Amino acid sequence: MPGLFIDVEVSDEVRDDPEIAQKLADACPVDIYANKRGSVDIVEENLDECILCELCVQAAPPAAVRVKKLYDGTVLER
Ligand code: SF4
């Protein structure tokens, strides 16, 4: 389930990477990511708290994380 305003996609290539899982958990100031036994867990109830800071996008390899703004159809990615 996405949030009302924000959805986050993490690619299959990095989803089970423990290092990325921890980097994302550390990066997001509003706890949208958690490190669940070495895999990336998206904390759905926090999605709409996203402040669009792009720290998660920068913490992950290119194309690994996409933050989708559901209200205008644009995406934060690299
Ligand atoms: S853009 Fe910032 S607030 Fe939003 S999910 Fe990424 S790290 Fe968290």
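This briefing walks through the salt bridges, a cavity, a surface patch and one loop proline of the structure above. The model is predicted, so local features need pLDDT of at least 70 and side-chain atom pairs count only at pLDDT 80 or more, while totals for chains, interfaces and linings use all residues. Residues are numbered from 1 along each chain as its sequence is written, and side-chain values use heavy atoms, with hydrogens and water left out.

**Salt bridges**

- Side chains of opposite charge can pair when their charged atoms come close.
- The structure holds three salt bridges, a salt bridge being a side-chain nitrogen of Lys or Arg within 4 Å of a carboxyl oxygen of Asp or Glu.
- R66 pairs with E9, and their closest N and O atoms are 3.1 Å apart.
- This pair links distant parts of the chain, with R66 in strand β4 and E9 in strand β1 (residues 6-10), 57 residues apart; helices (H or I, at least four residues) and strands (E, at least two) are DSSP runs, numbered from the N terminus.
- K68 also forms a salt bridge with E9, with 2.9 Å between the closest N and O atoms.
- Because K68 lies in strand β4 and E9 in strand β1, the pair ties together parts that are 59 residues apart in sequence.
- R66 forms a salt bridge with E77 too, the closest N and O atoms being 3.0 Å apart.
- Here R66 is in strand β4 and E77 in the segment after β5, 11 residues apart.
- Salt bridges that share partners join E9, R66, K68 and E77 into one network.

**Exposure of the network**

- E9 is partly exposed, with a relative accessible area of 31%; buried means under 20%, exposed over 50%, and partly exposed in between (1.4 Å probe, protein chains only).
- R66 is partly exposed at 27%, K68 is partly exposed at 24%, and E77 is partly exposed at 43%.

**The cavity**

- Rolling a probe the size of a water molecule over the atoms shows where empty space is left.
- A search of the whole structure finds one cavity of 30 Å³ or more; on a 1 Å grid over the protein atoms alone, a cavity is a set of points where a 1.4 Å probe fits but cannot get out.
- The largest cavity holds about 80 Å³ of space, a volume being the space filled by probe spheres set on the points, which are joined across faces, edges and corners.
- Its lining has 15 residues, and C28, C50, L52, C53 and C56 lie nearest the centre; lining residues have an atom within 4 Å of a point.
- By class, 14 of the lining residues are nonpolar, none polar and one charged; Ala, Val, Leu, Ile, Met, Phe, Trp, Tyr, Cys and Pro count as nonpolar, Asp, Glu, Lys and Arg as charged, and the others, Gly among them, as polar.

**Loop residues**

- Y71 sits in the loop between β4 (65-69) and β5 (74-76), and Y71 is partly exposed, with a relative accessible area of 48%.
- P61 is found in the loop between α3 (55-59) and β4, and P61 counts as partly exposed at 33% relative accessibility.
- The C-alpha atoms of P61 and V40 are separated by 14 Å, and these residues are 21 residues apart along the chain.

Note on methods
1 Å grid on protein atoms, 1.4 Å probe; cavity = no way out; pocket = protein on both sides within 12 Å on 5 of 7 lines; lining within 4 Å.
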